[in-house]
Amino acid sequence: MKKSFLYFFALLALVSCGGEATAPQRGEDPARAANFDKTYPIVDSLLRVMTLDEKIGQLVLYTSDWDVTGPSIRDGYVDDIRAGKCGNIFNAYTAEYTRKLQEIAVNETRLGIPLLFGYDVIHGFRTIFPINLGISASWDPELIRQSARIAAREAAAAGLHWTYSPMCDICVEPRWGRISEGAGEDAFLGSAISRAMVYGYQGADLSDPMTIAACVKHFAAYGAPHAGRDYNTVDMSERWLREFYLPPYKAAVDAGAQTVMASFNEYDGTPATANAHLLTEILRDEWGFDGFVVSDYTGIMEMINHGTSKDLEEASIQALNAGNDMDMQSGGYDEFLKKAVEEGKISKKTLDEAVRRVLTVKARLGLFEDPFRYCSAEREAAETKTDANLLAARTLAEESCVLLKNHNNILPLKQGTSVAVIGPLADSADDLLGTWRGAGQVDGVKSLLDGIKEMAGSVTYAPGCDVEKEGQAGFSQAEYAARKASVTVMVLGEPCDWSGEAASRTSIKIPEVQSELLKRIAATGQPIVLVLMNGRPLDISEEVELADAVLEAWYPGTMGAEAVARLLFGEASPSGRLSVTFPRNLGQVPIYYYAKNTGRPYVHPGAKYESRYLDCENAPLFPFGYGLTYTTFSYGKPELSADSFGPKGSITAKATVTNTGSREGTEVVQLYLRDMVGSVTRPLKMLRGFERVTLAPGESRDVEFTITPEELSFWRKDMTFGPEAGEFRLFIAGDSSAEDFVTFTYNE
Ligand code: BGC
């Protein structure tokens, strides 16, 4: 009986595969998955024959006992699969293990519906790329797409179908440890990156077994917890949400992301997990999302703590009715949905709709054609950590590092120089991988010390101190090493588990003992290159003064040591630019470049009743978009193709960028706009374009941007989205602090 069912379904699926593919939607971008819009007869056939229990099983997601990221609520996941109570598993991988579990689902359940295997493939699976905040500093969506592609190939070869990425949470809160997982503070850059990641994971055809389904998370506004404490309350106006927080999620959905994860936080008093405004009105009705929504880890159960459900039964009913299709780890759907449907608290239609969405994603992945298509041990061996993957990881690591200071061009160092390497993070290969390193392993990964050794002449290493524990016993040895060498490279920062989930801090300084070590070495007067490893913007005001050069390396991944060494010794040049503002101190937080003017902008030096601090200037330590390289660039005044345009028109803005130094270098040319008068207040600047440009010494290039009504659009007073007539300022520059502008007018 079972076998004939499976055969029947397999046949049906094959027949249904001939459906029309959607045409590519964007110029150079890979198309949305070609089968994105397809519906599948097999899904209807299944829905007709499934029992209520079998349907509910498809809405249940349990973790294996491998890599849990929260409280474990049950051990018997294998029994659950066998009983048809659990149609989806996460934290189980390798071709061998997923095959074993898939065999149970396919051969031992009545209908043989294949399992969906999910995992947090966040910045690589086996080949680990820099943490996402680092990746975003590359401002290189194409390379980011490739990194997601590689992650997908490695993960798919290990039996996985689904990654919990991209994380699209905009964040201006450095205390929050998860700022490390996102693309920084800006919705425009964040959108470009989330779109690129979805294309990378899902490719042009989701049924290609080299691709995996993406999951847009954490929907919505998880990146804005009060005081930066993880899981804390979020509250912001709908206008602010729509303008500054929603665009990257939407870009990912528009790119064809198949799934969305509801966030832990509340929005406007309702937990996102059961927030119909977010999950149904915005996501489905406005954006046309047709994949499925999954809760975050025990998100449904947590509604009891939020205080909007009296128990798990009520929470489960509220969540499903609000549009949350799948329950990750709460066990509430498993336990209570049957009763809820029988009592009419959930309609059969609502249930069927949720099941349909889940089965459709399984069909789009090709799982009904061959449930084992992702489980090939040979492919797993062939795809994992290939030379090409590692090279891409090294390139992206190089592009992610941001040069913050380079006094007297101390960098790049001459190869063969004698170097003292100092600092407790210098010899840690493990920290290089950062938070959420998936199935990445530290074996074979070099530490920064190893990387520097390959390029320097002589190297003396002295850790100097512990990462955080007080104790200056190692200072003298470090000082001695610094005095003996021509230059000191200090590797300081946070251990990698100080960022990521459940890793909020109330201080954004590097641990005091490390700061003290830096002071001690600086007192020798020897030149210091400071390499920072951290997962958030830090208050490094003091450290920047003490070091001659500062390279922000984030956690650069599997090939981080090679990449950083190549940058330090000039085999490569830094080209990263900050995707998030670095404050002077925690008191300036939240600080972001798209601030509004206020009624009392600070324009008269020393004026009391203007918007400023008594004890600190308003400007950040390093603005959004900032970063140096080993050469310099000059910008000509932007030229506009016309002074004005209207609804059907556009203008181009062109600026000549020149490499004024003596080395080749890459500049990230940035376009910002300011709407001078709006029906609601507008930010001082909005990023509306960027381009990486590599120029030889003395070379000039005209960099051109097109401005259409789309670039001027915002949520107007009446909450419609569009442009308003009036004057605009346009800036083309190397970072968001630009002051020179030209103006144009938009006419209605
Ligand atoms: C995190 C998610 C993650 C999930 C599954 C949760 O704790 O918030 O980002 O995808 O666990 O591991």
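Visitor: Where does Pro-537 lie?

Guide: A quick word on the model before we start. It is predicted, so local features need pLDDT of at least 70 and side-chain atom pairs count only at pLDDT 80 or more, while totals for chains, interfaces and linings use all residues. Residues are numbered from 1 along each chain as its sequence is written, and side-chain values use heavy atoms, with hydrogens and water left out.

Now to your residue. Pro-537 sits in the loop between β15 and α22. Those labels come from DSSP runs numbered from the N terminus: helices are H or I runs of at least four residues, and strands are E runs of at least two. With a relative accessibility of 1%, Pro-537 counts as buried. Buried means under 20% relative accessible area, exposed means over 50%, and partly exposed is in between, using a 1.4 Å probe and protein chains only.

Contact here means heavy atoms within 4.5 Å. Gly-726, in turn, is 189 residues away along the chain, and its C-alpha atom is 36 Å from that of Pro-537.

In α21, which runs over residues 512–522, the buried residues are Val-513, Gln-514, Ser-515, Leu-517, Leu-518, Ile-521 and Ala-522.

Strand β15 (528–533) also turns up around another helix: the cover over the buried residues of α23 includes β15, β14 (487–493), β16 (549–552), α17 (387–400), α18 (429–432) and α19 (448–453). Nine of the nine residues of α23 are buried, so this helix is largely enclosed by the rest of the structure. Among them are Glu-562, Arg-566 and Leu-568. Just after α23 comes Gly-570, with a positive phi of about 80 degrees.

Leu-568 leads us to the nonpolar core. What's that? It's a set of buried Ala, Val, Leu, Ile, Met, Phe, Trp, Tyr and Cys residues joined through side-chain atoms within 4.5 Å. The largest one here has 220 residues, and those with the most contacts inside it are Trp-162, Phe-219, Val-529 and Leu-568. Helix α7 (residues 141–157) gives the most to this core, with eight residues. There's also a second, separate core of 21 residues, which includes Val-703, Ile-707, Phe-728 and Leu-730. Back with Val-529, and leaving aside neighbours within four places in sequence, its contacts include Ile-410, Leu-413, Val-487, Met-490, Ala-549 and Leu-568.

Most residues other than glycine have a negative phi, and most peptide bonds are trans. Yet the bond from Ser-165 to Pro-166 is cis, with omega near 10 degrees, and Pro-166 is in the loop between β4 (162–163) and α8 (187–202). The bond from Val-589 to Pro-590 is cis too, with omega near 0 degrees; Pro-590 is in the loop between α23 (560–568) and β17 (633–635). Ala-221 isn't a glycine but has a positive phi of about 65 degrees, and it is buried at 0% relative accessible area. Asn-408 isn't a glycine either and has a positive phi of about 55 degrees, but at 66% relative accessibility Asn-408 counts as exposed.

Last stop, the ligand. Of the 14 residues around it, Asp-120, Arg-178, Lys-217, His-218 and Asp-296 come nearest; a residue is near if one of its heavy atoms lies within 4 Å. An oxygen atom of the ligand is 2.7 Å from a side-chain N or O atom of Arg-178. For Lys-217 that kind of distance is 2.8 Å, and for His-218 it is 2.6 Å. The protein covers 100% of the 310 Å² of accessible area that the ligand has on its own, an area found by the Shrake-Rupley method with a 1.4 Å probe.

Notes: Polar contact = N/O pair within 3.5 Å; in protein donor to acceptor, adjacent residues only side chain to side chain.
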